[in-house]
Amino acid sequence: MPSLSLNQRALLLSVVMLVVGLLVWEAAIPAQKAVGELTEYERLTGGGVPKAGVPPPSQVIAKAWEELSNPFYDAGPNDKGIGIQIGYSIYRVLSGYLMAAVVAIPLGFLIGMSPVAYKALNPFIQVLRPISPLAWMPLALFIIQDSEASAIFVIFICSIWPMLINTAFGVAGVRQDWVNVARTHELGHLKTAFTVILPAAAPTIVTGMRISIGIAWLVIVAAEMLVGGTGIGYYVWNEWNNLDLTSVIFSILMIGVVGMMLDAAFASLQRAVAYAE
């Protein structure tokens, strides 16, 4: 064990914890008892139907193999592969997220560089920021009258605030000495923003973007449960209505895996823009 690196030891510990957790989960689920001879009354009242319960991990793994072996099938409105459902969700998340970035980052620059803009816009930000994104859904459905666009609007609303606040904080926190050097070299405001302020504030901006993508992925699942149709949130709700807990647990795990991949992508971007003073 001492010969292993820190990452190798952490990976080994993670695998051990996963295996132990799965074994405990498997052992905690009681086996279904075989149904014996039923009376006519029991048959009429559904006495022979096994009671619904939490499935063991062996069933979830078998379901995952079945779904992931053909993730892009399309057998109708209520029967699409997990790959298609996740694709719809990622499309909505990225659409709303990119629109939020187009608004939040320039506005955050303005707030960070202008005390007047900060004081003027701060009351609006403080009022709108605490509102739950899903609280906007009824109003969005009424005004937009399209479930797809309403879900994207909700992602836009929930994504904008972390990016806006972190961008403003990062821009305002740029060392004044660097800005003064740019002025000494007679750089214009636009060139100063792109060559001095943006590189210096980039780590903080990307941190806000990373927080926003996590929130957006959380919210899209709830939004799709409300609007229905397609997406991983709708998939979870539809399988719950079918009382298929195995599919529900599988979809929950898929939500976690996709969320981890999105976070890892922004963690890589965060490392790429980091700098040592």
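Student: Which residues of α1 meet α3?

Tutor: L22, W25 and E26 in α1 meet P57, S58 and V60 in α3, where contact means heavy atoms within 4.5 Å. By class, that contact has 4 nonpolar, 1 polar and 1 charged residues. Ala, Val, Leu, Ile, Met, Phe, Trp, Tyr, Cys and Pro count as nonpolar, Asp, Glu, Lys and Arg as charged, and the others, Gly among them, as polar. Helices here are DSSP runs (H or I, at least four residues), numbered from the N terminus. One caution: this is a predicted model, where local features need pLDDT of at least 70 and side-chain atom pairs count only at pLDDT 80 or more, while totals for chains, interfaces and linings use all residues. Residues are numbered from 1 along each chain as its sequence is written, and side-chain values use heavy atoms, with hydrogens and water left out.

Student: At what angle do α1 and α3 pack?

Tutor: In general, two packed helices are described by the angle between their axes and the distance between the axes. Axes are lines fitted to C-alpha atoms over the stretch in contact, and angles run from 0 to 180 degrees between N-to-C directions. Helix α1 (residues 6-28) and helix α3 (residues 57-68) pack at about 110 degrees, with axes 8 Å apart. They are therefore roughly perpendicular; under 35 degrees counts as roughly parallel, over 145 as roughly antiparallel, 65 to 115 as roughly perpendicular and the rest as oblique.

Student: And how do α4 and α5 pack?

Tutor: Their angle is about 120 degrees and their axes are 6 Å apart, which makes α4 oblique to α5. L107, L110, I111 and M113 of α4 touch P115, A117, Y118, L121 and I125 of α5. That contact splits into 9 nonpolar, no polar and no charged residues.

Student: What about α9 and α10: how do their axes cross?

Tutor: Helix α9 (residues 189-227) and helix α10 (residues 232-241) have axes that come within 6 Å and cross at roughly 50 degrees, so this pair is oblique too. W217, V221, E224 and M225 in α9 meet I232, G233, Y234, V236 and W237 in α10.

Note on methods. Helix = DSSP H or I, 4+ residues; strand = E, 2+ residues; numbered from the N terminus.
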